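Open your viewer, switch to a cartoon view, and get ready to click along. At each stop you will hear what to select and what to look for.

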Amino acid sequence: MVIWIVFAVITTAIIASLLYPLASGRVRFSEGATDAARVYRDQLFELDRELLANEIGCNEYEYARAETARRLFKASEQKQEESRRLPHPHRWLRLAIAAFLPLASIGLYGLAGSPDMPSLPLQARLEDPGQDIAILVARTERHLASQPDDGRGWDVIAPIYLRAGRIADARSAYRNALRLLGPDIHRLGGLAEALMAEAQGSVDKETLDVLRQIVQLEPENPRARFYIALGSEQTGRTAEALMNFEALARLSPADAPWLPLVNQHIAANGGVPLIATGTADRRQTIEAMVTGLDAKLSESPDDLNGWLRLVRSYAVLNDRDRAAGALKRGLAAFPPAGEQGRQLLALARELGIATEGMAQ
């Protein structure tokens, strides 16, 4: 008796879930790409706030920005689907569903079901995996072990490995797929993503080679161009990074979700954002944080990283007078003849801030 009660509850839940969208006449599709892009932009803003508040170090900040940028680009490439209305079903259709499903399920169970049937052994489940992803992966792995030259198999399993966090397996699978099937935007992009995940956000020489192959196939690919520019920035080639970020900004649509991030990098490398980013409220919030950092340094001037952040922040806000003033105060705490003073002067030259009379 208990099993029939369970069946009745399950059947009722399934029928209700099917009839609800039919009754409302609407099926809602996820707008995940838009929401994700908004979330990642907010995360970038929060990272800036934490850096200004000295809550995270520079290395953690750079890694977090690179990882957030990767997710932002991935989210922006997903297709967005909007809500669409279905024609309102007739009453008889709902009644037919309510009557047919229980009868069909009972009949099917009577023919093929049995509560006493033992679980299938692993071998049987591998031969008939159904929709079990873990079994499908195991079956594909077994197939590839016996037929390692099946490029399609490697192409299918590589992104599954990547989503599951099996980075080394993903990298190997993407390489096999590229070797057997040839270069392709998605395969190269997946390989680059796996390599950067292994390097914790760093764009090394191997990753740059892959990114350049993507640009050869698709010259205006925004993700590849962004990470090529990021690689230049990470290795200290500021002028090259600025040129690449500005080129990407010019190629990007005005509403591209990655533009605020690109403009941040343009400003950080001494350039002027080509498209205004952020609202007036956000700018006011950033100015308030910078003012707080300024006050903190006035009380505790022996924080070199704080002075570096303050000078850069005023430059990003395009307030050159305050940037020069912050530089002068920083040099009072760290004289130009010392290593810390030379770092401040180097940053000023990088940002185009006049240093006349401060280098002595």
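**Stop 1: the whole chain**

Keep in mind that this is a predicted model. Show the protein chain as a cartoon and you will find 17 helices and 2 strands. Buried residues make up 37% of its 360 residues. Among contacts with a separation of 6 or more, 55% join residues 24 or more positions apart.

**Stop 2: helix α10**

Select residues 205-217, which form α10. How far apart are the end C-alpha atoms of α10? They are 19 Å apart, which agrees with the 18 Å that 13 residues should span at 1.5 Å a residue.

Now show the side chains of T207, L208, V210, L211 and I214, the buried residues of α10. Turn the view until you look down the axis of α10: these residues fall within an arc of 160°, so they line one face of the helix. On the face turned away from the buried side of α10, look for the exposed residues K205 and Q216.

**Stop 3: where α10 meets α11**

Keep α10 on screen and select residues 222-234 for α11. Two packed helices are described by the angle between their axes and the distance between the axes. Here the axes of α10 and α11 come within 9 Å and cross at roughly 145°, and the crossing is left-handed. Which residues meet at this contact? From α10 come L208, L211, R212, I214 and V215, and from α11 come A224, R225, Y227 and I228. Colour them by class and you will see 7 nonpolar, no polar and 2 charged residues.

**Stop 4: a loop residue**

Step back to the loop between α9 and α10 and click on Q200. Although Q200 is not a glycine, it has a positive phi of about 55°. Is Q200 buried or exposed? With a relative accessible area of 56%, Q200 counts as exposed because the cut-off is over 50%.

**Stop 5: helix α12**

Next, select residues 238-251 for α12, a helix of 14 residues that reaches 20 Å from its first C-alpha to its last. Its buried residues are A241, L242, N244, F245, E246, A247, L248 and A249.

**Stop 6: helix α16**

Move on to residues 320-333, which make up α16. Show A323, A326, L327, G330 and L331, the buried residues of α16. Seen down the axis of α16, they fall within an arc of 135°, so they line one face of the helix. The face turned away from that buried side carries the exposed residues D321, K328 and A332. What covers the buried residues of α16 includes α15 (304-316) and α17.

**Stop 7: M358**

Finish in the segment after α17 (339-351), where you will find M358. At 16% relative accessibility, M358 counts as buried. Leaving aside neighbours within four places in sequence, M358 is in contact with A324, L327, K328, L331 and P336. Select P335 too: M358 and P335 are 23 residues apart in sequence and 9.2 Å apart in space, C-alpha to C-alpha.

Note on methods
Residues are numbered from 1 along each chain as its sequence is written. This is a predicted model: local features need pLDDT of at least 70, side-chain atom pairs count only at pLDDT 80 or more; totals for chains, interfaces and linings use all residues. Side-chain values use heavy atoms; hydrogens and water are left out. Axes are lines fitted to C-alpha atoms, for helices over the stretch in contact, and angles run from 0 to 180 degrees between N-to-C directions. Helices (H or I, at least four residues) and strands (E, at least two) are DSSP runs, numbered from the N terminus. A crossing is left-handed if the near helix is turned anticlockwise from the far one by less than a right angle, and right-handed if clockwise. Contact means heavy atoms within 4.5 Å. Ala, Val, Leu, Ile, Met, Phe, Trp, Tyr, Cys and Pro count as nonpolar, Asp, Glu, Lys and Arg as charged, and the others, Gly among them, as polar. The expected span of a helix is 1.5 Å times one less than its number of residues. Buried means under 20% relative accessible area, exposed over 50%, partly exposed in between (1.4 Å probe, protein chains only). The arc is that of the directions from the helix axis to the C-beta atoms.
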